[in-house]
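Welcome! Keep the structure open beside you as you read.

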Amino acid sequence: MASRFGTSSLHQRDARSALFDNYTGDRNRNASSSPAVGARGGYGYGYTGGSGSGAMNGSAGGGYRPATPNSKGQYSDAVLSELENQNDVEVEGISAKVKMLKDITVAIGDEIRDSSKLADIMNNSFDNTRVRLRGTMNRMLRMAQKTGVGWRVWLGFFAAVVVLFWYVWLF
């Protein structure tokens with residue numbers, strides 16, 4: 001299948017993920033169709049055997065572990081062991097990522113709790129300020145009624161004082 005994005009090897013970070021890349025499903029391959037010793041492909045490791053002769057499991061052909069089942073549909077112990085090791089490595093990687101996500105989630109939860117506490121404190125503070133302002137406004141209105149001067153006059157007076165302080169502060 002041709003890729004419209006060109007060739008990329010981003011999905012294969014290491015040779016282990018290329019386990020079945022060159023597998024064609026042909027059980028009757030001859031020794032000449034096996035990859036050369038040291039070439040990439042097949043099992044992905046370029047395994048040459050413990051003796052260095054390039055032979056493995058009694059075959060003089062290619063130097064790779066057979067990744068295909070035998071005639072009974074069974075895989076060799078070496079293939080199963082290698083696949084299990086690969087699975088263990090991948091599980092360790094996934095476990096590390098899950099732990100990292102858990103740590104991030106716990107940190108987000110802590111931040112949310114802290115933010116909620118701060119919001120509650122601010123809400124209480126604003127509520128107390130609102131109550132104080134209401135009390136101050138009520139006292140000012142009572143004072144205005146006792147003096148016989150309307151509340152609009154007092155409001156104008158306080159606005160003039162604020163404007164005067166603002167003018168002095170800026171200029």
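## D110 and its partner

D110 has a relative accessibility of 35%, so this residue counts as partly exposed. Keep in mind as you look around that the model is predicted. D110 makes a salt bridge with R113, and the closest N and O atoms of the pair are 2.6 Å apart. R113 is partly exposed too, because its relative accessible area is 47%.

Why are D110 and R113 separated by about one helical turn? The two are three residues apart in helix α1, and that spacing is the reason. As a general point, side chains of opposite charge can pair when their charged atoms come close.

## The other salt bridges

How many salt bridges does the structure hold? There are three. One of them joins the side chains of D103 and K99, with an N to O distance of 3.2 Å. These two residues sit four apart in helix α1, so about one helical turn separates them. Is K99 buried or exposed? With 51% relative accessibility, K99 counts as exposed, because the cut-off for that class is over 50%. D103, at 42%, counts as partly exposed.

Another salt bridge brings together the side chains of R130 and D127, at 2.6 Å from N to O. Both residues belong to helix α1 and are three residues apart, about one turn of the helix. R130 has a relative accessible area of 42% and is therefore partly exposed. D127 is partly exposed as well, with a value of 34%.

## The overall fold

Now for a step back. The protein chain has two helices and zero strands. Helix α1 covers residues 77–147, while helix α2 covers residues 151–170.

How much of the chain is buried? Of the 171 residues, 12% are buried. The chain exposes about 14,100 Å², and carbon and sulfur atoms supply 59% of that area. Looking at contacts between residues at least 6 apart in sequence, 41% join residues at least 24 apart.

## A buried methionine

M140 is a residue of helix α1. Is M140 buried or exposed? Its relative accessible area is 16%, and because buried means under 20%, M140 counts as buried.

## Aromatic rings

Which residues do ring pairs link into a cluster? They are W154, F157 and F158. A search of the whole structure finds three aromatic pairs. In general, the distance of the centres and the angle of the planes describe a pair of aromatic rings.

## A nonpolar patch at the surface

Finally, turn to the surface, where V163, L164, W166, Y167, V168, W169, L170 and F171 form a nonpolar patch. Together these residues have about 1,000 Å² of accessible area.

Technical notes
Residues are numbered from 1 along each chain as its sequence is written. This is a predicted model: local features need pLDDT of at least 70, side-chain atom pairs count only at pLDDT 80 or more; totals for chains, interfaces and linings use all residues. Side-chain values use heavy atoms; hydrogens and water are left out. Patches are made of residues with over 30% relative accessible area and no salt bridge: like charges are joined within 9 Å, nonpolar side chains (Val, Leu, Ile, Met, Phe, Trp, Tyr) within 5 Å. Accessible areas come from the Shrake-Rupley method with a 1.4 Å probe; for residues, only the protein chains shown count as cover. A salt bridge is a side-chain nitrogen of Lys or Arg within 4 Å of a carboxyl oxygen of Asp or Glu. Buried means under 20% relative accessible area, exposed over 50%, partly exposed in between (1.4 Å probe, protein chains only). Rings of Phe, Tyr and Trp (its six-membered ring) pair if their centres lie within 6.5 Å; planes under 30 degrees apart count as stacked, over 60 as edge-to-face and the rest as tilted. Contact means heavy atoms within 4.5 Å.
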